[in-house]
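Work through the exercises below with the sequence and the model open. Try each task before reading its solution.

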Amino acid sequence: MEQRRCKPRSARRYLADCVVAVLLWNLASAQSRYSISEEVNEGTVVGNIAKDLGLDKSTLRDRKYRIVSSNADHLFHLNQNDGVLYVSRKIDREEVCAQSSTCVINLKTVLENPLEVHYVEVEVLDINDHSPTFSEKDKRLEISESVLPGARFQLKASRDRDSGHFSVQQYQLSHSDHFRLEVKDKGEDGKIPILVVQKTLDRETAGIHSLVLTALDGGKPPKSGTMNILVNLLDINDNAPVFSKDVYSVVLDENSQIGTTVIEVNATDLDEGSNGEVVYSFSNSMNQNILNIFEINPLTGEITVNGLIDYEEKDRYEIEIEASDKGTAPLTTEKSVIIKIVDVNDNAPEIEVTSFSSSIPEDSRPGTTVALISVNDLDSGLNGKVICSLVEDVPFTLSPSLKDNMYSVVTKSPLDREKKANYELTIVGKDAGQPPLFFTKKIDIVVSDVNDNSPEFSLSPYNFYVAEANEPGNSVFSVKAFDRDENDNALISYHILRDGSGDKVTSFLNINTESGDILALKSFDFETLKTFQFRVVATDSGTPSLSSNVTVNVFILDQNDNAPVILYPVSSNGSAEGVEDIPRNVNAGHLVTKVRAYDADIGYNGWLLFSLQEVTDHSLFGLDRYTGRIRTLRSFTETDEAEHKLVILVKDNGNVSLSATATVIVKVVEPKEAFAAADVKSATNDEEDNNVTFYLMITLGSVSTLFLISIIVLIAMQCSKSTDYTSKYLQETNYDGTLCHSIQYRSGDKRYMLVGPRMSVGSTIVPGSHANTLVLPDRRTPGETWLE
């Protein structure tokens, strides 16, 4: 509201102005009062302010009549056209005036030019739009059954948001023989209900009483609110707990896990509250060991496992249980619980070797005891019955003894250390429980050696090739044997078998008893000895010792140690010289003579070649290099000399060739002289031929004898060895002007020949044969065999 100030002109003037202003303020202020009921509809007319104040409609508009100050101006609306006050929305008295019994809303209205203030009071009248309510919908009372009649229990009053006559006016209690209701009026604080006991209470007859309290207001019809009252009678402690069963008995598996429920006992008490609350515990007389194994829940009576349950330690437990109430003087009842432990297959069999021989001879007979074992299982019944077996397929078996759970490990078949020297036996013990438990035990058995194996040679027979002219005292070859036994039973010594038949060859041989190296005490001469045979014996050091022997075939390889020998021409004094007379009229190709020579060596070493070392006329005479025949190359002429000297060189084909020379004097004579000389020469030649024939017979006889001996030896070797190492021999006589020979033999799939003077085209030298042996192509037709 706007106020006018008094200007300071003078003190007197100021005082006069203030008095006038107060008078004008009082004249301009007026107050009106209206009343409406709550919950009226929007737009309801409260009153016509302009009419009540005597204001016309034009004044309202011109002076802008309006509501200017009110906390509730949103509840009302003033129409400037007619000055009527309207309700803007529904008004809830309990919302606007919650803390007041009389609800008045003050409105301030103004007119301008000049300022004029009017106060309007609107009283909101209450209607019965709320029912009585209790702060608790349900009320629970606990009353001891020992209370006397007349006991009073004050209840909380009901509240009604309405006021005055529409508030709570009275209370009503539902019918009950044991309770009645009193109401205490406390003026502005309202009416208070009181519950009064009017009859002795008996909890055993009726432990709970259910009542309904109703509050009524003064409306017509009245509104009401209710509260449920539950009276719980408290008992005195006059009953002891009672167990639900006379006997408690249960079975329990051993090894039950901690926390496993054994049994749940149950006891009841007819009392209520703490007098009827039962707690469980073990009796103080129980052993501490049992207290470590079991525990009981004091509230539920559930007995659980708290330690290890082992049937093998104890198979039955008797536990004393106490049930007590919580009364001031608690009452207690005792009961026994019998727990029978059921055996579980929780112990694996145990195997103990009581007697054991870690080593057994390989010649032990089947049934020989190796070890004694005992088996133990801590379980009982089938859980403790054990069956043992061997896992591997071994030459041993388990033999049960007369005593339970005792076994013998015995051999079931012959042993052979050379096949297997060590055995690791795995003994498995299995009980008859479900599921079965296993246990294994390993034992190592060593098969000791027995001298049951003779030495064995790496080859049989041995074939060695030794060059003649070897150095005496040196090792020429070696034999080797091995023994499948071990230690002393496998320690081998060697010696040459000397049968006392006077074999001179073996007398010149010596053998190293430890290594098997064979030494020749003299040099071999191929021309004297071409092959020989002996036997070597290998003996182990076992007790008794065992031995074996092998045949050794030795073939002497020829060396070029013999020079060619001239057989013809030979002079009377032994020199290789001769004189040949030929007619002058001979034609070209006439055979003058033939130089004959012999080499004791064989093969290339005995293969002789002839050449003209010296000749007076190269155009007149020619020499065949293989046969030694001397022929004329042309006819003689008158100018040719009457005497010619021919020096013939004869050499072998050894690596270091050896040679000899022969001299032939050729005299050219007239035909008549030639015939005469021929007769003389014929006689001489007969004598010489006789000498040559004699030498040839001796030589051929020696060669034939050696050849036959070789054939016999090789046939014997062929019968005593395999086909691959069999040698087959044939004699091939190849003599054409010289005394030479060759020997053919076959070894395996190859054919060999100790060559003579004439080699076949396509023959090859065997590597390592020292050029004495050729490999011949096999030109046999199918079905053809070698002579054996």
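## Exercise 1: Aromatic rings

Task: Which residues do ring pairs link into a cluster?

Solution. The cluster consists of F457, Y462, F464, F477, F524, F532 and F534, linked by ring pairs. Keep in mind that this is a predicted model. A search of the whole structure gives 13 aromatic pairs.

Task: Classify the pair formed by F243 and Y248, then decide whether each residue is buried or exposed.

Solution. 
1. Take the distance. The ring centres of F243 and Y248 are 6.3 Å apart. Rings pair if their centres lie within 6.5 Å, so the two count as a pair.
2. Take the angle. The planes stand at 75 degrees. Over 60 degrees counts as edge-to-face, and that is the class of this pair.
3. Check burial. The cut-off for buried is under 20% relative accessible area. F243 has 8%, so F243 is buried. Y248 has 2%, so Y248 is buried.

Task: What is the geometry of the pair F294 and Y317, and which strands hold the two residues?

Solution. 
1. The pair is edge-to-face, with 5.4 Å centre to centre and 75 degrees between the planes.
2. F294 lies in strand β20 (residues 294-296). Y317 lies in strand β22 (residues 316-325).
3. The pair therefore ties together parts that are 23 residues apart in sequence.
4. F294 is buried at 1% relative accessible area. Y317 is buried as well, at 5%.

## Exercise 2: Charges over rings

Task: Over which rings do the charged ends of K522 and R596 sit?

Solution. 
1. For K522, the ring is that of F508; the charged end is 4.5 Å from the ring centre.
2. For R596, the ring is that of Y568; here the distance to the centre is 5.7 Å.

Note on methods: Residues numbered from 1 in each chain as written. Predicted model: local features only at pLDDT ≥ 70, side-chain atom pairs only at ≥ 80, totals over all residues. Heavy atoms only, no water. Phe/Tyr/Trp six-rings, centres within 6.5 Å; stacked < 30°, edge-to-face > 60°. Buried < 20%, exposed > 50% of the residue type's maximum accessible area, 1.4 Å probe, protein only. Helix = DSSP H or I, 4+ residues; strand = E, 2+ residues; numbered from the N terminus. Lys NZ or Arg CZ within 6 Å of the ring centre and 35° of its normal.
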